Amino acid sequence: MIHARGLTKTYTLKKTSVDAVRGVDLDVEPGQLVAFLGPNGAGKSTCLRMLTGLLPPTSGTARVAGHDVTTEAAAVRARIGYIGQKGGAGEAFRIGDELVTQGRCYGMTRRAARSRAEELLTVVGLDGMFARKPSTLSGGQRRRLDIALGLMNRPPLLFLDEPSTGLDPASRADIWSHILRLRADHGTTLFLTTHYLEEADAMAERVVVIDQGRIIADGTARRLKADLAGDRLTVTLHDPADVPRAAEIAAGLPGAAGLASDGPRLTLRVAAADRALPEFVRALDAAGLKIDTAESSRPTLDDVFLALTGRTIQDEEA
Ligand SMILES: Nc1ncnc2c1ncn2[C@@H]1O[C@H](COP(=O)(O)OP(=O)(O)OP(=O)(O)O)[C@@H](O)[C@H]1O
C-alpha cells in the first residue's frame, strides 16, 4: 500500500536549508495500522505530506495506493484520505455541506455525496448534525468530523496526523474506537502520527520511530521494547552511602545497562527482570547492604527511544 525508497526532503529558506527527511525506506501492507512516532521536528508531517502527494520529495520515490507520489500525485490523492493536524472543515458552512463539497471534489454526484455524507455522520457518531456549523461542535466531535471528511471517497488508506492531540482522555478513547472500527469493518490501512506513546503502544500493531529525518526503529511495540529497552529495576538503599557498592553489584547482572542513581535510589535496565530482581536482592543481602524497596517495571516506548537516542520523546517535547 505504501512503498517508499530513499525519500528525502530539504527545505530551503532564504540562505539556510533544513534536511527534514534524510532517506526514508518504508513498506506498509494493506490493512496494517502503523503508528509513526518521533519528537517535535523529527520529520513526521513532512513524510506524511510527501506520501500523500501534497509535497514533492527532494529525492527518492514513493508509490502509494498503486501510484507514484511525484508523477501521479492526483491519482494518489484520489485514492487516499488525509486528515491533517488542523482539520479540514471551515467555519462558514453547515457540516453536511462541507462533506458534500468534499465528495463533489472527488467527482461524486450531489445526490451520491449527500447520501455518503449522511452515512458518514452516522459512522462517526454525528447523526442528526447535518445542519450544524463546525464552530458549535466539541473538540472530539470536530475531530470526528475531520475523519468523516477524510473518508468521503471510501479510501483504502487513511493518513491521520495526530488524530487525538488536544482532546481529553474520554474523547481520545472515542476517536480510537472509531479508528479501530474503520479497520475492523472496512479493512482500511491506517497510518497515523501521535504524541501519545501509550496509545501507539496499545493500539498500533506496528510502530515506526523517526528521529532527525531517519527511521531508527520499526516493529511491534513488544518486539522493540524487548530488543531495545529491556526491563527496569529500581531499588532504594536504606543507606544512601551504599549506592556505589550496590551499583557495582548491579553492573554484574545479565544485560545490565543504563545504571543511574538519584539519592538512595538506583535504577538500571536488565534483560529479564523476573530473574534479575531476586538475584540482585540476594547479592545485595550477601554483601550486607540493606534495601528499603525493590521493584521492576516493563519498558515503555519512551524507554525504546531513550535506548536509541539517549533522549526521551517526552523531554524533547517539554
Ligand atoms: N515549510 C517549511 N520550511 C522550512 N522548514 C520546515 C518546513 N516545514 C517543516 N520544516 C522543518 O523540517 C523539520 C521537520 O518538520 P516536521 O513538521 O516534518 O516535523 P514533525 O515530526 O511533524 O514535528 P511535529 O511533531 O512538531 O509536528 C523541522 O526542523 C521543521 O522546522
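Me: Which element gives the largest share of the shell around the ligand?

Reply: Helix 1 does, with three residues. Strand 1 (2-13), strand 2 (16-28) and helix 1 (44-51) are the elements that give two or more residues to this shell. Helices (H or I, at least four residues) and strands (E, at least two) are DSSP runs, numbered from the N terminus. This is a predicted model, where local features need pLDDT of at least 70, side-chain atom pairs count only at pLDDT 80 or more, and totals for chains, interfaces and linings use all residues. Residues are numbered from 1 along each chain as its sequence is written.

Me: What makes a residue one of those around the ligand?

Reply: A residue is near a molecule if its C-beta atom, placed from the backbone, lies within 6 Å of it. Around the ligand, the residues are Y11, L13, V18, A20, G38, N40, G41, A42, G43, K44, S45 and T46. They divide into five nonpolar, six polar and one charged. Here Ala, Val, Leu, Ile, Met, Phe, Trp, Tyr, Cys and Pro count as nonpolar, Asp, Glu, Lys and Arg as charged, and the others, Gly among them, as polar.

Me: Why are helix 8 and helix 11 called oblique to each other?

Reply: Happy to show you! The axes of helix 8 (residues 221-229) and helix 11 (residues 301-309) cross at roughly 45° and come within 9 Å. Axes are lines fitted to C-alpha atoms, for helices over the stretch in contact, and angles run from 0 to 180 degrees between N-to-C directions. Angles under 35 degrees count as roughly parallel, over 145 as roughly antiparallel, 65 to 115 as roughly perpendicular and the rest as oblique. Helix 8 and helix 11 are therefore oblique.

Me: Which residues of helix 8 and helix 11 meet?

Reply: From helix 8 come A221, L224, K225, L228 and A229, and they meet L301, D303, V304, A307 and L308 in helix 11. Contact needs C-beta atoms, placed from the backbone, within 7 Å. By class, this contact has eight nonpolar, no polar and two charged residues.

Conventions
Two residues are in contact if their C-beta atoms, placed from the backbone, lie within 7 Å.
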